[in-house]
Amino acid sequence: MSRQRGNYDALGRWVQMGDTPVARMVRIVGHDEGNCYTAKSIAFNAAGEVEIISNETFTVVNLAEPSDSNGYVEPDTDAVALALDGKWVVFIRQASAVIFPARVISSQGSGAYTVREQVATGAGTFTDATGAADLTAYNLAELSLGPGAAVENDTIVLVMTITDNGSPPTTRYIFDHPIYAKYLD
């Protein structure tokens with residue numbers, strides 16, 4: 001049994017119920033200053049894809065970051081903005097962890113490695129990501145079990161980004177490769 005899909009723009013229909021809009025879908029198009037961004041209104045088209053519906057720009061305030069921040073929301077980020085006290089506000093939190101494949105370039109010793117982000121090009125094959133830079137990543141297995149510099153160059157590992165508790169926080173890179181594994185016959 002098949003069923004016809006309903007409206008793709010249910011949020012848009014909810015927003016239009018009152019005389020004064022209380023919410024709108026927006027696309028961030030630039031950073032102004034602090035936690036303020038320039039945005040444009042968006043909506044779903046008949047095909048269910050998001051498109052900009054007006055060239056009018058307005059300012060949205062991101063409540064997920066402090067007002068004196070350098071801004072971390074990337075352009076082309078979509079969000080729902082709410083009208084509060086005469087301002088449009090969004091809540092876009094920075095990702096707490098991002099994982100990406102990386103190729104080990106070389107060992108720096110003491111569990112630190114130079115790695116470069118990769119993209120999959122086929123079944124089991126990888127190439128450098130566009131614009132990828134060399135990063136320092138730490139192998140948790142070595143930090144826990146002692147020095148070794150045992151991960152071979154060209155090994156593909158999954159690297160996770162984390163932030164430390166500095167002020168401002170610094171992004172750190174870690175991976176967990178079991179270098180001291182023992183195998184039984």
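Tutor: Strand 1 (residues 23-33) pairs with strand 4 (residues 78-84) in the antiparallel sense over 5 bridges, where two strands count as paired if DSSP finds at least two bridges between them, and strands (E, at least two residues) and helices (H or I, at least four) are DSSP runs numbered from the N terminus. Within this pairing, Arg27 has Asp78 of strand 4 as its bridge partner. Strand 1 is also joined to strand 2 (residues 36-44), again antiparallel, by 6 bridges, and here Val26 has Ser41 as its partner. Strand 1 and strand 2 form a hairpin with 2 residues between them, and Gly34 in the turn has a positive phi of about 55°.

All of this is read from a predicted model, in which local features need pLDDT of at least 70 and side-chain atom pairs count only at pLDDT 80 or more, while totals for chains, interfaces and linings use all residues. Residues are numbered from 1 along each chain as its sequence is written, and side-chain values use heavy atoms, with hydrogens and water left out. The mean pLDDT (the predictor's confidence in each residue, from 0 to 100) is 83, and 80% of the residues reach 70 or more. Confidence is lowest in helix 1 (residues 10-15), at a mean of 52, and highest in strand 9 (residues 134-139), at 95. Over residues 1-5 the pLDDT stays under 50, and the model has 0 contacts there beyond four places in sequence, a contact being heavy atoms within 4.5 Å.

Leaving aside neighbours within four places in sequence, Ala79 is in contact with Arg24, Met25, Val26, Val90 and Ile92.

The structure holds 3 aromatic pairs, for which the ring centres of Phe, Tyr and Trp (its six-membered ring) must lie within 6.5 Å, with planes under 30 degrees apart counted as stacked, over 60 as edge-to-face and the rest as tilted. In one of them, the rings of Phe58 and Trp88 have centres 6.1 Å apart and planes at 55°, so the pair is tilted. It links distant parts of the chain, with Phe58 in strand 3 and Trp88 in strand 5, 30 residues apart, and both residues are buried.

The loop between strand 4 and strand 5 holds Asp85, whose phi is near 50°, a positive value in a residue other than glycine. Most residues other than glycine have a negative phi. Asp85 counts as exposed because its relative accessibility is 83%.

Key
Buried < 20%, exposed > 50% of the residue type's maximum accessible area, 1.4 Å probe, protein only.
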